[in-house]
Amino acid sequence: STCSETQSRQKRAWIIDSYEIEEGHPGPFPYKLGQVSIDHKYQVYFDLYGQGIDEEPEGVFTINKNTGEIFVQRPVDYEEQQVLKVCLDIFEAKKMHDLKIDTRLGIEILIRDINDNPPLFEKPLYEVTVDEDLSQGSHIHTVVAYDRDQKGTPNSTFHYAIKSASPESPNIEFFIKNTGALSFKGCLDHEARHSLFLDCKGIVFL
């Protein structure tokens with residue numbers, strides 16, 4: 001059964017604990033995430049199941065059944081899963097070989113995003129026709145880039161830059177704003193140059 005199904009059937013209080021891990025953690029593995037700490041009179045044993053254990057992404061977490069220490073076994077990807085919901089059963093052993101569930105906890109493990117996705121343009125190539133009598137400073141076109149990292153964080157913040165213009169010309173200079181809007185300064189001359197290629201990039205702020 002899933003953690004949510006277990007929660008709905010469980011009569012005891014559903015206690016939430018939270019941990020946080022960083023996506024793409026380089027290891028070494030396993031490393032200790034935390035330890036379940038409870039007051040108890042009798043010997044207890046711990047068991048984990050749910051996302052990250054026997055549900056996708058499988059094999060991320062294990063628990064020391066005697067101490068309650070939770071370990072991370074492998075890296076995870078924020079872009080695939082932002083929160084993992086884990087169930088923890090605590091068995092109380094009042095007599096030898098007589099294990100009964102004493103407490104069932106719900107644990108949320110938050111995955112912290114890292115800056116691991118370069119910005120990409122919506123199109124690999126933008127083709128734009130411009131009149132040669134267009135006044136300098138005029139808006140030419142707006143390019144759009146995006147990033148798969150967590151929105152609203154420094155990981156997904158970037159600005160645009162023009163790497164080069166081909167063929168080079170001393171009579172014209174191109175500019176790009178942080179909105180992706182392209183403009184120019186100088187003189188457009190159809191006879192001298194039928195086409196120009198601008199190599200733009202989105203640069204992530206680290």
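Start by selecting Asp 89, which lies in strand E6 (residues 83-95); helices (H or I, at least four residues) and strands (E, at least two) are DSSP runs, numbered from the N terminus. This is a predicted model, in which local features need pLDDT of at least 70 and side-chain atom pairs count only at pLDDT 80 or more, while totals for chains, interfaces and linings use all residues. Residues are numbered from 1 along each chain as its sequence is written, and side-chain values use heavy atoms, leaving out hydrogens and water.

**Stop 1: around Asp 89**

Is Asp 89 buried or exposed? Asp 89 counts as buried because its relative accessibility is 4%. Buried means under 20% relative accessible area, exposed over 50%, and partly exposed in between (1.4 Å probe, protein chains only).

Contact here means heavy atoms within 4.5 Å.

**Stop 2: over to Lys 100**

Next, pick Lys 100 in strand E7. Lys 100 is exposed, with a relative accessible area of 55%. Leaving out residues up to four places away in sequence, Lys 100 touches Ile 90, Phe 91 and Glu 92. Try the distance tool on Ile 90: its C-alpha atom and that of Lys 100 are separated by 8.4 Å, and the two residues are ten apart along the chain.

**Stop 3: a three-stranded sheet**

Colour E2, E5 and E4, and you will see an open sheet with its strands in the order E2-E5-E4 and antiparallel pairing. Strand E2 (31-35) and strand E4 (61-63) stand at the edges, each with a single partner strand, so one side of each is left without a neighbour in the sheet. On average, neighbouring strands of this sheet are turned by 30° against each other, direction ignored.

Look between E4 and strand E5 (residues 69-72): three bridges join these antiparallel strands. Two strands pair if DSSP finds at least two bridges between them. Select Thr 62 and you will find Phe 71 of E5 opposite.

**Stop 4: the nonpolar cores**

Which residues touch the most other members of the largest nonpolar core? Among its 24 residues, they are Ile 21, Leu 33, Leu 48, Phe 61, Ile 70, Leu 88 and Ile 109. A nonpolar core is a set of buried Ala, Val, Leu, Ile, Met, Phe, Trp, Tyr and Cys residues joined through side-chain atoms within 4.5 Å. Strands E1 (15-22), E2, E3 (43-50), E4, E5, E6 and E7 (98-112) each supply at least two residues of this core. A second, separate core of eleven residues includes Ala 145, Tyr 160, Phe 174 and Ile 176.

**Stop 5: two prolines**

Select Pro 28, in the loop between E1 and E2. The peptide bond from Gly 27 to Pro 28 is cis, with omega near 10°. Then jump to Pro 57, in the loop between E3 and E4; the bond from Glu 56 to Pro 57 is also cis, with omega near -5°. Most peptide bonds are trans.

**Last stop: zoom out**

With the whole protein chain in view, look for one helix and 14 strands. Of its 206 residues, 35% count as buried.

Notes: Axes fitted to C-alpha atoms, helices over the stretch in contact; angles between N-to-C directions.
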